[in-house]
Amino acid sequence: MFTWIEWLADKLVFGILGITPETHLGEALHFFIYDTVKILLLLFLITFIMGIVNAYFPVERLRSFLQRNRLFGLEYLLASIFGAVTPFCSCSSVPLFIGFVRGGIPIGVTFAFLITSPLVNEVALALFLGMFGLETTLIYAGSGILLGAIGGWVLGRLRVERYLSDWVQKMATQPAITGDYTEGGQNFLSRLPAILQEARSIVRGVLLYVIIGIGIGAAMHGYVPEGFFEQYLGGGQWWTVPLAVILAVPMYANAAGIVPVIQVFVAKGIPLGTAIAFMMGTIGLSLPEATLLKKVMTMKLILIFFGVVATFIILSGLLFNLIL
Amino acid sequence: MRTIKILGTGCPKCKQTEAAVRKAVADLGVTADIQKVEDIQDIMLYNVLSTPAVVIDEEVRIKGHVPTATELEALLSDERLISVEFK
């Protein structure tokens, strides 16, 4: 599928620019062009597919489905999967949160969605596919979805609704809004332009981060010695996983910028579990997100929320290091 | 006179939506009062789950994505026809 990009990069670097393949620069440049084109293509494809899924299964539909059906625990998994396939926008998480609470959806189920939505998003998936391949991507997505479901369930059991902001609590006691989902009555072809525009604008939005991330990655590949991190961090010490997560939470980086760098970490000896935990901490929990959530939650709830999610990220990182 | 409200807490997508609405209104020559609703409690009055959303004459017409020029054109000219019919 990607051989033509290889060919393109060959022609461009070794042909047009006339750089010999054996040099450091030639190799780095080739790597850079190949990866950038491949990832942008994957990103466009994934966003496009997610756009189609989203046009037919919008969150409104999930809400009315969850209101009408008893799923005996599967609702956590369903909400989590939905969080993964819905294009993530940080500013949508607050309206969604309130909308679910008001619709009478249990708070744990709402949290399941809220955890997975930034954790498994289109940008992270495209980057993982491009840099680590299908198997690692499936492991990442699968563990992210499970983590969201379990984390949501735990938060539900802790009965955290006590710690919502006053106005949200007041709203939750009012009769539930049912607002059954009604079809927009649009056919696929008329939705297509909006879906395509969305995919294009997401690719455009992260273009710069992809280029910077891959650029840093390409540079590091050449200059960080083999086994460098292994010497300090990669020796399988268990405490490296919690340390990676604690370092990651205050960091706020786009998945597009972080994956290429993590790929180098892994190539130079950091265990995959530690790397995935770091990645999840960076994109799944962030200070800007906490600021947004402050409108609907008390500080105590935000701390509990971050604490529970961080704990599960650490646990899954440790588990991966054991089994992979 | 149409009242168009753009619901969104101020993310890039909401700004794109506002720009798209302003452009469509100008291109079609519709007279409209365009307002941005950024307060979350006000946004929730419209019972939307995903932003950005576009509300035309108190009815939610677009939610969860940045509208295309064609979509807006259809919505705005549709409204104009209806208002003529009712007169």
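How many salt bridges does a search of the whole structure find over all chains? I ran that search and got 8. For the notebook, I count a salt bridge when a side-chain nitrogen of Lys or Arg is within 4 Å of a carboxyl oxygen of Asp or Glu.

**Ground rules.** I am working with a predicted model, in which local features need pLDDT of at least 70 and side-chain atom pairs count only at pLDDT 80 or more, while totals for chains, interfaces and linings use all residues. Residues are numbered from 1 along each chain as its sequence is written, chains are lettered from A and ligands numbered from 1 in the order in which they are written, and side-chain values use heavy atoms, with hydrogens and water left out.

**Entry, chain A.** I looked up D35(A) and K38(A), whose side chains meet in a salt bridge at 4.0 Å, N to O. Both sit in helix α2 (residues 24-56) of chain A, 3 residues apart, about one turn of the helix. My helices (H or I, at least four residues) and strands (E, at least two) are DSSP runs, numbered from the N terminus. D35(A) and K38(A) are both buried; I use buried for under 20% relative accessible area, exposed for over 50% and partly exposed for in between (1.4 Å probe, protein chains only).

**Entry, between chains.** Next I checked K13(B) and E198(A), a salt bridge with its closest N and O atoms 2.9 Å apart. K13(B) belongs to helix α1 (residues 12-28) of chain B and E198(A) to helix α10 (residues 188-223) of chain A, so this pair joins two chains. I find both K13(B) and E198(A) buried.

**Entry, chain B.** E58(B) and K5(B) also form a salt bridge, with the closest N and O atoms 2.9 Å apart. This pair links distant parts of the chain, 53 residues apart: E58(B) is in the loop between β3 (53-56) and β4 (59-63), and K5(B) is in strand β1 (residues 2-7). E58(B) is partly exposed at a relative accessible area of 48%, whereas K5(B) is buried at 15%.

**Entry, the hairpin.** I stayed with that loop: β3(B) and β4(B) form a hairpin with 2 residues between them, and D57(B) in the turn has a positive phi of about 50°. The two strands pair in the antiparallel sense over 4 bridges; I call two strands paired if DSSP finds at least two bridges between them.
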